[in-house]
Amino acid sequence: MKFGTVFKKARKNAKKTLREAAEHVGLSIGNVSDIEHSRRRPPKKEVLSELERFYNTPKNFLITAATEEWKVPDEAISIYSRRPELTM
């Protein structure tokens, strides 16, 4: 399951609106919506931790769900290892 789907379900289960979630962590409503629809990557761990408390989800629930999407694809690692000038 994509992170955005998990993220949206957590908010809906907590009966919070996009506006409430966005205001709680200082993001725009559009940004939260984009995350829920997988148009943006998951936010930083600190933001997710705060939302976990706000949504009353288990500790690290959203962070664990985001972990796979935070990973750098193997293909990118391969490209950067062959061309280190790209990392600067």
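The model is predicted, so local features need pLDDT of at least 70 and side-chain atom pairs count only at pLDDT 80 or more, while totals for chains, interfaces and linings use all residues. Residues are numbered from 1 along each chain as its sequence is written, and side-chain values use heavy atoms, with hydrogens and water left out.

Val6 lies in helix 1, residues 3-13; helices are DSSP runs of H or I with at least four residues, numbered from the N terminus. Val6 counts as buried at 13% relative accessibility. Buried means under 20% relative accessible area, exposed over 50%, and partly exposed in between (1.4 Å probe, protein chains only). Leaving aside residues up to four places away in sequence, Val6 touches Met1, Phe61, Leu62 and Ala65, where contact means heavy atoms within 4.5 Å. From Val6 to Ala65 the C-alpha distance is 7.2 Å, although 59 residues separate them in sequence.

Side chains of opposite charge can pair when their charged atoms come close. The structure holds four salt bridges, each a side-chain nitrogen of Lys or Arg within 4 Å of a carboxyl oxygen of Asp or Glu. The table includes three of them.

| Pair | N to O distance |
|---|---|
| Glu36 and Arg11 | 2.5 Å |
| Asp34 and Arg39 | 2.9 Å |
| Asp34 and Arg40 | 3.6 Å |

Glu36 lies in helix 3 (residues 29-36) and Arg11 in helix 1, so this pair ties together parts 25 residues apart in sequence. Both Glu36 and Arg11 are buried. Asp34, Arg39 and Arg40 are linked in a network of salt bridges. Asp34 is partly exposed at 21%, Arg39 is exposed at 54%, and Arg40 is partly exposed at 43%.

Definitions and conventions
Helix = DSSP H or I, 4+ residues; strand = E, 2+ residues; numbered from the N terminus.
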